[in-house]
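Biologist: I am new to this structure and would like to learn how to read it. Please take one feature after another.

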Amino acid sequence: MSETTRTNEENKPPLNGRRAIPPNYSNDEENEVPEMEAFGLIPRGFNPRDYLRVVDIYMFKEPQEINKQEHHTDKYYNPRLIVRRGQAFQIQIDFNRPYKPETDQFWLEFLMGRYPQQNKGTYIPILVGNVLKPGQWGAKIIHRENNSVRLSIMSSTSCIIGKFRLYVAVLTPFGILRTRRNSATDTYILFNPWCQLDAVYLDDEKEREEYVLNDVGIVFHGSVEDIKSRSWSYGQFEENILDACLFLMDKAELELSGRGNPIKICRVASAVINSRDDNGVIAGSWNNTYDYGVAPSAWTGSVDILLEYYSSKQPVRYGQCWVFAGVFNTFLRCLGIPARLITNYSSAHDNNANLRLDFFLDDEGKVDTRLTKDSVWNYHCWNEAWMTRPDLPVGFGGWQVVDGTPQETSDGMYRCGPASVQAIKHGHVCFQFDAPFVYAEVNGDIFYTRMEKNGTQVVENIDTTRIGQLIVTKKVGSDEMMDITEEYKFREGSDEERLALETAVMYGVKKQSIQDTTFQPQTDVDMDFQAQRVVLGNDFRVTITFRNKSRNSYTATTYLSGNIVFYTGVTKSEFKKHSFSAKLEPSSSSSFDIVIKSSEYMGDLLEQASFHFFVTARINETGKILAVQKAVMLEVPTLRIKTKGELVAGKETSVIVEFTNPLKQTLENVMLRLEGPGLLRTIKKQFGRIPMNSTLTWEVKFTPMRPGLRRLIASLNSDALRHVYGELNVQVQKP
């Protein structure tokens, strides 16, 4: 017995009075299956060789053969047979003599885990019959020739997902003869979005190609005023990724019998993707120090993260929301659950789920960072997975929100979802799982509240439109952005929106109505704030514009506070304070410019290169306060990628990555990464330093593995500059 199985034995809880067998949640562990299972005493002279005997089993498991072609699994870089449930596949059995249906009897057995049981779906005996029933296990002979039979096998549409061991059993008068354990006949069974009876069935071929088979995607980030995008390599077909994804379910201790249910799989996966409370895949870090790990912005895809976790079994450092979402998307697509990565701009992180984010102002109208606990993330990424919801009333199937970023606990663990997008839109947040939390992320109001000296709170301003003002994903079949805000909420201010909100409140979402607060805004003056395009390392200008629509003259005492923030909206430091008095003439507009110098912000800059400006103005004549806040993203330089000559599968070629340092300082500890699914495994290179204005050139030789349209993705990371990306689509020719 090997060392690992021995320690496993010791760690196993002793059997208790409640269970006949220990819990069965490892897809990897096996039981011993006897080759000869005798019915009683075996008479002398019994020779198993006299009976029908299996000589060989042929699985048709090559990418170009019928099974992987028909099951859309030909892209998996895996030598075993991979099929999708609820759809027939073929195998051929060679016997020692011709098969005689009148007298010979054989059947197939699929087993999973250490304690296979028929009622748990982990032991599946399949008799050979004459017809295959849709969606049910069965087998029939479709061809007989010499000593061989070819079978068509149908799996159940609710079958467990994972790796099965295959045995062929032959009946003799004295016992059952089985084939030897042979890992070459192991069969992976996955979800099947092409099959109408499967819980993850998706009826549009273009969508299936995007949400199941596309192994690269786009992450939208930045802010709503300045949307940025970058590529992410999902790599769900790369070598060992399928095994790594199955291992995640073992790690999450999901019973094997529950693994046919996409709802359960999504729920446990949303917990195991992050390392909080279960030593899951990725350790999050939002504090700009990434010792002993990789900065979240440096990753270019999921493959390195999943493979590192699969081999070390320890959380991989470090991730932020798009990393959790990228890896989760790989997991879902790899198992065959249609999935997409979503970005919600101005996402509310509300610490007490009351649909109200409080920003406290001091006497002068400046934001009080001590009292303000809620934050608005510039953006937040999560995933949607496509499935039916038989556990909910009709109409709530389809896209479900799942989120692997650890934000709040749900049933005692850091996880979120699946929550029906349809239920969130209509305010039916009573339906599991975590719908109120997601509803609050896309539907909060921002209250600007001033604390009086005696402790009373005065609401000075309410912003009802900022939170969740844009929700996007990658368009099917292109790298464009698709606006899906309408799938999460009705149009701002419409009757339907009010009704959805009232429904959500009825189902327990806490909401303080605006009527409860004494709040009369200043309606006859508008204030707007604009920033010019900002290139990292340069000075830039911001403009505050007042429009006085009244016949009165006003003076406005105006404060501008510029903060360097994490993309989660949490302030690191205030780098600019500016106040002035603005004279507002009747029925006219006046603009005021403020210059921000690079020397004011470069020292404290964080990796996402994002600023957050608060502007508050008090109209002295009425005492009313106007408030506006805006995220401003810096333009970060990009990497240039080019290839030499044309690319042919199996033929060596080279790619060149170039970068010019635009900053007025030397970049230290520069690390470059390059990867491309189907082209090359991730390559990393450390460069000591890049002086200002100098150009770095890196040439990489590689051999593209597969023909077709592929994408190269590169990132650069250094102490002073992160989130630098480049990408290139390349066409790889057939040899």
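Biologist: Which residues is K701 in contact with, leaving aside its neighbours within four places in sequence?

Modeller: This is a predicted model, and what follows is read from its atoms. With those neighbours set aside, K701 is in contact with E652, T653 and S654. K701 itself belongs to strand β40, which covers residues 695-702.

Biologist: Is K701 buried or exposed?

Modeller: Exposure is read from relative accessible area, and over 50% counts as exposed. K701 has 55%, so K701 is exposed. One further distance can be read here: the C-alpha atoms of K701 and L680 are separated by 9.7 Å, and the two residues are 21 apart along the chain.

Biologist: How many disulfides does the structure hold?

Modeller: A disulfide is a covalent bond that joins the sulfur atoms of two cysteines. The structure holds zero disulfides.

Biologist: Where does S26 lie?

Modeller: S26 is in the loop between α1 (3-11) and β1 (36-38). The relative accessible area of S26 is 16%, and S26 is buried.

Biologist: Which backbone nitrogens does the side chain of S26 reach?

Modeller: For a polar contact, look for a pair of N or O atoms within 3.5 Å. The side chain of S26 reaches the backbone nitrogen of D28 at 3.1 Å. A polar atom of that side chain also lies 3.1 Å from the backbone nitrogen of E29. Not counting residues up to four places away in sequence, S26 touches G113, D250 and L256.

Biologist: At what angle do the axes of helices α4 and α7 cross?

Modeller: Angles of 65 to 115 degrees count as roughly perpendicular. The axes of α4 (residues 241-251) and α7 (residues 321-335) come within 10 Å and cross at roughly 105 degrees. That makes α4 roughly perpendicular to α7.

Biologist: Which residues of α4 and α7 meet?

Modeller: From α4, I241, L242, C245, L246, L248 and M249 take part; from α7, T330, F331, C334 and L335. The residues of this contact divide into nine nonpolar, one polar and no charged.

Methods. Residues numbered from 1 in each chain as written. Predicted model: local features only at pLDDT ≥ 70, side-chain atom pairs only at ≥ 80, totals over all residues. Heavy atoms only, no water. Disulfide = S-S within 2.5 Å. Helix = DSSP H or I, 4+ residues; strand = E, 2+ residues; numbered from the N terminus. Buried < 20%, exposed > 50% of the residue type's maximum accessible area, 1.4 Å probe, protein only. Polar contact = N/O pair within 3.5 Å; in protein donor to acceptor, adjacent residues only side chain to side chain. Contact = heavy atoms within 4.5 Å. Axes fitted to C-alpha atoms, helices over the stretch in contact; angles between N-to-C directions. Parallel < 35°, antiparallel > 145°, perpendicular 65-115°, else oblique. Nonpolar A, V, L, I, M, F, W, Y, C, P; charged D, E, K, R; others polar.
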